[in-house]
Amino acid sequence: MKKILALPGDGIGAEVMESALEILDYLMTRDNLDLQVNHKSVGGTSYEEHGLPITDEALSLAKDSDAILFGAVGAPKWDSLEWDKRPEQALLTLRKELDLFANLRPAFLFNELADASSLKKGVIENLDILIVRELTGGLYFGEPRGIDKSVTPAFGFNTMRYDADEINRIAKIAFEASQKRKNKVCSVDKANVLEVSRFWRETVTDLHNKNFSSQELSHMLADNAAMQLVIDPNQFDVILASNLFGDILSDIAATLTGSIGMLPSASLNEKNVGMYEPCHGSAPDIAGKDLANPLAMILSLSMAFRYSLNLDSLADELDKAVRCLISNGARTKDIANESTFLKTSEVAKELIEILK
Ligand code: NAD
């Protein structure tokens, strides 16, 4: 039996989670799925209940799960807490403790929503790319790092370091993900100026030649990749990038689609255990008003089906149902042009009708 842990979190995190769980519940009954779903509080909600953003019990349940569904955490009222009590610590603890080194961020456009993009319709139409970002190494974690004010002029420094194991494991995820898509991987680096990038390029090429030679591999410098993403995003299938470049490129790709409420993400470890969460935060401005778009959370559930639960056909079915919902004209307030729109709590019901 596969185990899922639901961590709704704060603000709209709890609202969008409710929608995703309603759909999960429907599919579990309909298909008699052998899944167990546990629930725990996390973030500010957990702090209010237990004095901690994540309890040991929640963490050990997470470690014992195949997939973690994570809503969102945070709100201004917890911003002044000490660093280790703040809601975001839940997220960082989970990433670290579960060694979630691979961040998968799809960016795709529902053509009906092309007007929400800052790019011309002809450029953005049919967009469907996946950014695979290394999440636990590189410049954000490399040692030595620091600020030295004992000399003049004072200076700050970081280290960008990747070993072959770190590169191989993230590249393998990218090649495998592309096998479920269009079989094309573009690896991004700055091999023209950085030794670490030259080593990255060499290692990815070796892995490709050894295990994935039937797939198309290309390399692109990060500055050019940023430019190509806005000039001709449809040339890409899977983009493989280090922590720093992936951080920047995934935000560019996300904004191309024009709607933060519809973008899911997955963070995986070597055992394909994953944490699945929307790209957005807890949106205190609309929390409690039944206005949030739950599709990012629902599509995160679909990613959990695909990457951690071996339920690819259910993932396809759910993705298709979401497309159908949008093409039927159903819109939550964030993407509606008119004054009538669906409430958060109505979206799952509409989707279940389509799934039926
Ligand atoms: P946000 O993503 O919460 O909101 C940004 C804007 O997008 C807001 O106007 C919000 O109303 C809108 N929005 C976001 N998701 C939406 C949805 N599903 N449907 C409709 N509209 C949506 O970012 P923020 O305002 O910068 O941060 C708010 C809080 O969330 C902060 O405490 C921040 O630390 C936290 N945060 C958490 C995560 C996470 O848990 N992974 C990520 C980002 C921010």
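Does Asp316 count as buried, exposed or partly exposed, and at what relative accessibility? Asp316 counts as partly exposed, at 42% relative accessibility. Here buried means under 20% relative accessible area, exposed over 50%, and partly exposed in between (1.4 Å probe, protein chains only).

This is a predicted model: local features need pLDDT of at least 70, side-chain atom pairs count only at pLDDT 80 or more, and totals for chains, interfaces and linings use all residues. Residues are numbered from 1 along each chain as its sequence is written, and side-chain values use heavy atoms, with hydrogens and water left out.

Start with the sheet. It is open and has 10 strands, in the order E2-E1-E3-E12-E11-E4-E5-E10-E8-E9, with mixed pairing. Its edge strands are E2 (35–39) and E9 (216–221), each pairing on one side only. The twist averages 20° from one strand to the next. Helix H1 (residues 12–31) packs on this sheet and touches strands E1 (2–9), E2 and E3 (67–72). The direction of H1 makes about 155° with that of E1. Contact means heavy atoms within 4.5 Å. Axes are lines fitted to C-alpha atoms, for helices over the stretch in contact, and angles run from 0 to 180 degrees between N-to-C directions. Helices (H or I, at least four residues) and strands (E, at least two) are DSSP runs, numbered from the N terminus.

Look next at one pair of strands. E4 (residues 102–108) and E5 (residues 128–134) pair in the antiparallel sense over 7 bridges. Ala102 stands opposite Glu134 in E5. Two strands pair if DSSP finds at least two bridges between them.

Now the charges. The whole structure holds 21 salt bridges, each a side-chain nitrogen of Lys or Arg within 4 Å of a carboxyl oxygen of Asp or Glu. Asp316 has one with Arg306, with the closest N and O atoms 3.0 Å apart. Asp316 lies in helix H11 (residues 312–327) and Arg306 in helix H10 (residues 295–307), 10 residues apart. Arg306 is buried, at 16% relative accessible area. Shared partners also join Arg30, Asp31 and Glu317 into one network of salt bridges.

Glu97 and Lys63 meet in another salt bridge (3.0 Å, N to O). Glu97 is in helix H4 (residues 88–97) and Lys63 in helix H3 (residues 56–63), so the pair ties together parts 34 residues apart in sequence. Lys172 and Glu176 form a salt bridge too, at 3.3 Å between the closest N and O atoms. Both lie in helix H6 (residues 164–179), 4 residues apart, about one turn of the helix.
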